[in-house]
Amino acid sequence: MTYARIVGTGSYLPENVMTNQDLEKLVDTTDQWIRERTGIERRHISTGETTVDLAEQAARRAIDAAGLSPRDIDLIVFATSTPDKIFPSSACILQARLDIHGCPAFDIQAVCSGFVYALSVADKFIKTGSSKKVLVIGAEVFSKIINWQDRGTCILFGDGAGAVVLEASEETGILSTHIHSDGQYEDLLRVPYGIGDGFDQVRAGKGTVEMKGNEVFKIAVNTLGQIVDETLLANNMTKTDIDWLVPHQANIRIIKATARKLRMSMDQVVVTVNEHGNTSAASIPLALDAAVRDGRIQRDQILLLEAFGGGFTWGSALIRY
Ligand code: ACO
């Protein structure tokens with residue numbers, strides 16, 4: 001049997017850091033409120049770098065870590081909700097920057113679940129024998145679609161990019177992926193305007209994230225609990241089999257709720273939300289890369305990745321690293 005095995009990880013953050021104290025000067029909020037309700041202390045905010053600029057750095061680091069060169073890559077799957085352009089896709093722009101020619105390259109738009117969706121698609125390309133070495137990216141410049149006067153959302157998000165290289169292998173790698181969506185909740189979380197109205201509302205400043213945070217919070221906690229059960233059941237595993245939880249980094253309280261459900265100590269949970277805020281599709285590969293590079297995640301350990309986001313979309317991946 002062929003598995004998709006992670007052979008390299010990489011990430012990149014804009015240099016510019018925005019602290020909670022900086023946000024106190026923009027909106028009616030406090031460092032204490034943000035820390036207590038979200039766990040976020042700071043986030044990186046682009047000062048001009050685009051999603052593909054960040055992605056290129058993360059991709060080069062992941063390809064280097066895999067000991068490969070860009071031309072070895074035979075598929076690029078790029079998760080983002082903040083693409084540089086309407087088209088070409090961010091995947092195609094990145095492909096040109098990496099001087100790769102001819103392999104398929106496409107974007108996936110599943111907001112905060114984007115990386116898990118991209119991983120799921122890439123896994124299937126490898127399992128069916130269509131691809132051998134796949135670059136999977138999650139990258140966002142969410143700061144461009146934030147209303148910096150809305151304290152309910154502007155304190156939450158940050159910019160960044162993460163990447164992995166997957167390789168076809170006889171050794172186990174991705175054990176299973178599970179992706180879902182339910183479009184009926186659009187009113188709870190969305191950017192309401194865009195191409196559909198010819199950008200008129202975007203020009204009027206309304207092309208920004210709207211969220212009913214409290215309602216999203218409750219659904220996220222329940223749904224992530226269910227996806228954890230689904231993932232363990234599909235693999236005939238129990239909670240004690242998981243070595244590391246690598247969750248989407250939206251809110252420390254959501255992360256803790258999932259860890260409690262798994263009866264996992266927070267020492268087994270990779271947390272970066274304090275440093276990065278919610279970087280949407282970039283958050284899981286950023287967290288994964290941090291824990292791989294500092295040596296916490298070791299070969300052969302079992303990792304559970306999970307995410308929930310706009311759409312609604314949600315998903316998970318169980319991986320033997
Ligand atoms: N500073 C101070 N007070 C604030 C702030 C702020 N930044 N934001 C809201 N408040 C106030 C509210 O106005 C409210 O005041 P009131 O009681 O006088 O009406 C009070 O704080 C409580 O507001 P809630 O919205 O109930 O606060 P909650 O504890 O739910 O925290 C938060 C808000 C952090 C947004 C939380 O609901 C959350 O994390 N939601 C989920 C986000 C998420 O996971 N989204 C999915 C991924 S994102 C994506 O896909 C794009």
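Which element gives the largest share of the shell around the ligand? In this predicted model, that share comes from helix H8, which supplies four residues. The ligand lies between domain 1 (3-171) and domain 2 (175-320), because both of these domains give residues to the shell around it.

**The shell around the ligand**
- The ligand is surrounded by 27 residues, and the closest of them are Thr 29, Arg 37, Cys 112, Asn 251 and Gly 310.
- Sorted by class, the shell consists of 14 nonpolar, nine polar and four charged residues.
- At least two shell residues come from each of helix H2 (31-38), helix H6 (151-154), helix H8 (213-234), helix H9 (252-261) and strand E12 (302-309).

**Polar atoms facing the ligand**
- The side chain of Asn 214 places an N or O atom 2.9 Å from an oxygen atom of the ligand, and a polar side-chain atom of Arg 253 lies 3.0 Å from a ligand oxygen atom.
- For Trp 33, an N or O atom of the side chain is 3.4 Å from a nitrogen atom of the ligand.
- Of the 1,000 Å² of accessible area that the ligand has on its own, the protein covers 74%.

**Cysteines**
- The structure contains zero disulfides.
- Cys 103 has its closest cysteine sulfur in Cys 92, and the two sulfurs are 8.9 Å apart, which is too far for a bond, since a disulfide requires cysteine sulfur atoms within 2.5 Å.
- Cys 103 is buried, with a relative accessible area of 14%, and Cys 112, at 8% relative accessibility, also counts as buried, because the cut-off for that class is under 20%.

Definitions and conventions:
Residues are numbered from 1 along each chain as its sequence is written. This is a predicted model: local features need pLDDT of at least 70, side-chain atom pairs count only at pLDDT 80 or more; totals for chains, interfaces and linings use all residues. Side-chain values use heavy atoms; hydrogens and water are left out. A residue is near a molecule or strand if one of its heavy atoms lies within 4 Å of it. A polar contact is a pair of N or O atoms within 3.5 Å; within protein, one must be able to donate a hydrogen and the other to accept it, and residues adjacent in sequence count only if both atoms are side-chain atoms. Accessible areas come from the Shrake-Rupley method with a 1.4 Å probe; for residues, only the protein chains shown count as cover. Ala, Val, Leu, Ile, Met, Phe, Trp, Tyr, Cys and Pro count as nonpolar, Asp, Glu, Lys and Arg as charged, and the others, Gly among them, as polar. Domain bounds come from an automatic or database domain assignment. Buried means under 20% relative accessible area, exposed over 50%, partly exposed in between (1.4 Å probe, protein chains only).
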